[in-house]
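Subject: Structure for your review

Dear colleague,

Please find the structure below, followed by an account of what was found in it. I would be grateful if you would read the two side by side.

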Amino acid sequence: MSTDRAPDRSDAVDEPRAWVEIDGDAILRNLDTLRAALPPDTRLIPMVKADGYGLGVRRLVRLVDERDPWAWGVATVAEGLELRRLGQERPILVFSPVSPGEEVRAIRGRLTPCLSDVEALVRLRSAAEEVGVPVEAHLEVDTGMGRAGLRWDRVHEWASYLVEATSRDCEGDDSGRGAGVALTGIFTHFHSADEDQGRARETIDEQRDRFDRARSALAPVLAPDPVVHLANSAAALRDGAAGGTAVRPGIFLYGGHVGPDLPAPEPVVRVRARVIRVVNVPEGATLGYGATHQARAPERWATLAIGYGDGLPRRLSNRGCVGVHGCRAPIVGRISMDTSVVDITGLPSTRPGDVATIVGRPDDGAPSLDRIATEAETISYEILTGLSPRLPRRWLPQT
Ligand SMILES: *Cc1c(COP(=O)(O)O)cnc(C)c1O
């Protein structure tokens, strides 16, 4: 593969040692695939938390903005404020519970917090009064995920406190917008939508049923026509909007598979690293910390400019493989912070400056995103968000 060859020396100086290539067109096509599974008027809330799943939120939102999403989904107030700094004017939902003390910043940034309990609502309302503006928030119902939200089986206990805390009635205005905090949305999160089909189906149905009951009980405290959202990528592909009016897709857009029985996304990310040393070693040569690899015969090793400090999981020591000139080269020895070594014995001539592919497409000889995640005993999400800032993100030109 001629494109994997070292460029001439003058080019090489500006080349990073390792980098992430991102195919924006593939992200848009994945979004279109997902959208095809939804009822026509479903609103999109692309999840762009954790710096856009590690891809770099700046370029990502600029790209996805073309598809006119209704809102963005982030995890933290800081992430929401970053989007505002980038000039984003759409609603921004902050999904992790806002920490006490952060409310004023959230309100000043025109963010939409997601609420899990009455205390959070009361804090938000005081902050809204302090800033002197009406605030919108979405209410999360915990239907089994357990990490956030009002428990579905206790909403009736909360309903009267919520009525008081939203204090819609005080203003004599039932728009839900006149006073303090308006609950303009309600949602839940599925815990097993990406499990096998049977388990996914069963748990989605159960959680939906719990959600529907909670939603009816909470109807009096919600603003008219609230936005209702349940589905992540996996649920949206299985079930469309799952009874909601909006969906919250993430990983599928960025190239992660969400279930063996579901459509495959197009690959979005390639991770590449330069070969920085090639050496022929005799039988018995030892490699890496702990000398966990020892050459059983003469071998040829290539050192790559990528290590666990760049996000290559150390778990792949002596078990993963990468692509070198379209062939599979096993990772040998323990992965170091800045480098890793692959066995290129018997591979076509490889020299320093050549480019290896760590995560790629089938013809790269490299594992896919999901494959490397499985080999590292983790999930695609952790691989993507673990790619360190040390790796420049290079967005391929859009076609
Ligand atoms: C991250 C997240 C999503 C997106 O899930 P994917 O599996 O990446 O599609 C949806 N909803 C909430 C609340 C999330 O935190």
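Helix H2 (residues 24-35) has 12 residues, and from its first C-alpha to its last it reaches 17 Å, close to the 16 Å expected at 1.5 Å a residue. The expected span is 1.5 Å times one less than the number of residues. Helices (H or I, at least four residues) and strands (E, at least two) are DSSP runs, numbered from the N terminus.

This is a predicted model, in which local features need pLDDT of at least 70 and side-chain atom pairs count only at pLDDT 80 or more, while totals for chains, interfaces and linings use all residues. Residues are numbered from 1 along each chain as its sequence is written, and side-chain values use heavy atoms, with hydrogens and water left out.

In H2, the buried residues are Gly24, Asp25, Ala26, Ile27, Leu28, Asn30, Leu31 and Leu34. Buried means under 20% relative accessible area, exposed over 50%, and partly exposed in between (1.4 Å probe, protein chains only). The cover over these H2 residues includes strands E1 (18-22), E2 (43-44) and E19 (393-395), together with helices H4 (57-64) and H10 (233-239). Cover of this kind is a matter of contact, that is, heavy atoms within 4.5 Å.

Thr188 lies in the loop between strand E8 (181-187) and helix H9 (197-218). Thr188 counts as buried because its relative accessibility is 0%. Apart from neighbours within four places in sequence, Thr188 is in contact with Val141, Thr143, Phe211, His229, Leu230 and Arg248.

As to the cysteines, a search of the whole structure finds 0 disulfides, a disulfide being a pair of cysteine sulfur atoms within 2.5 Å. Cys327 is in no disulfide, and the nearest cysteine sulfur, that of Cys321, is 11 Å away. Cys327 counts as partly exposed because its relative accessibility is 28%. Cys114, by contrast, counts as buried because its value is 3%.

Of the 399 residues, 54% are buried. Among contacts with a separation of 6 or more, 66% are between residues 24 or more positions apart.

Yours sincerely
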